[in-house]
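Q: I have a structure open and would like to go through it with you. Could we take it piece by piece?

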Amino acid sequence: MVCHHPVLAEEVIAYLRCGAGKRYVDCTLGGGGHAALILERTAPDGRLLGIEWDGKAIRLASERLRPYGGRVVVVRESFSNLGAIVKEHDFEPVDGILADLGVSSLQLEDPQRGFSFRMEGPLDMRMDSRGGQTASDLVNRLPVKELERLLREYGEERWARRISRLVERRRKIRPIRTTEELRDIVYSAIPRSYHRRRIDPATRTFMALRIAVNRELDNLRALLEESISVLGKGGRICVISFHSLEDRIVKRFFRAGERGDLCPPHWPRCICPGEKILRIVTPRPVSPSPREIRQNPRARSGKLRVAERI
């Protein structure tokens, strides 16, 4: 998860090799924390393209970045369309790309968004509130087997079958509309002996639904593929992930790019089959320091991986 303090901020700046006159894309603008640092370190003429699909975050980030004037362009869009966005704004070639994945505190702390099981609110979970299905739609309409698969695959939830079956029984009585209703169902499905563990019993279910609602893993794969086409030679991509599914996708893509194993549909048209197109800069993911975790506990699960276009 992302919070008001940008996670691994100094590490990101160092790996991106921020400098004057360079072009950077922040694919997950959020509140503008990373973006402001990049713009500061690329003064006086470095430029930044910020991509964000959360309307509230767009407003806050635009205000925060106003002092940088024409050096920054903010776009409300999904980063899965990175290539088209970069072309539309004549921003090629790109010197660095940042993607800070997950859900921000702006979203978690707003009960009306439905991301947190700790606050009562509508079961929504859409990062882009302009349309699309909600978490309530999934919970109430998915066949029980499909809901079980979703919880097991995206949430790595060992009690997926029990949760999905209890959901099915409850929704026959009345639709499940709020975060509190879903949380109570999950608590009832999971044996009490597992309630006292480090993470809340509802964590995995809520994460799985959020990933599904926002198509997060598909969008991440699309971003990685499109990044190859827009990065200039020597340009770097930095990805901060917060759970194992995201990190696994990034790790495998970077390794395939370094081996020359990227192939259709994971290989842009500009690349020849067998061509090595990436160099892994971080053989092991970079984690927040103990000091950063003390200052910002939400950063504890962050993992930064970096690769360079060759």
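Q: Is Gly 274 buried or exposed?
A: Gly 274 is exposed, with a relative accessible area of 53%. Here exposed means over 50%, buried under 20%, and partly exposed in between, with a 1.4 Å probe and protein chains only. Please note that this is a predicted model, in which local features need pLDDT of at least 70, side-chain atom pairs count only at pLDDT 80 or more, and totals for chains, interfaces and linings use all residues. Residues are numbered from 1 along each chain as its sequence is written, and side-chain values use heavy atoms, with hydrogens and water left out.

Q: Where is Gly 274 found?
A: Gly 274 sits in the loop between helix H12 (244-259) and strand S6 (278-280). Helices (H or I, at least four residues) and strands (E, at least two) are DSSP runs, numbered from the N terminus.

Q: And how many Å apart are Gly 274 and Gly 260 in space?
A: From C-alpha to C-alpha, Gly 274 and Gly 260 are 4.6 Å apart, while 14 residues separate them in sequence.

Q: What about phi: which residues have a positive value although they are not glycine?
A: Arg 17, at about 55°, and Glu 156, at about 50°, are among them. Most residues other than glycine have a negative phi, and most peptide bonds are trans.

Q: Where are Arg 17 and Glu 156 found?
A: Arg 17 has its place in the loop between helix H1 (9-16) and strand S1 (23-26), and it is partly exposed at 36% relative accessible area. Glu 156 lies in the loop between helix H7 (144-155) and helix H8 (160-173); its relative accessibility of 36% also counts as partly exposed.

Q: What does Val 25 touch?
A: Leaving aside residues up to four places away in sequence, the partners of Val 25 include Leu 49, Ile 51, Phe 91 and Ile 97. A contact means heavy atoms within 4.5 Å.

Q: Finally, the whole chain: how many helices and strands does the chain have?
A: The chain has 13 helices and 7 strands. Its radius of gyration is 20 Å, close to the 19 Å from the globule rule for 310 residues, so the chain is as compact as a globular protein of that length. That radius is taken over C-alpha atoms, and the rule is 2.2 Å times the number of residues to the power 0.38. Of the 310 residues, 56% count as buried.
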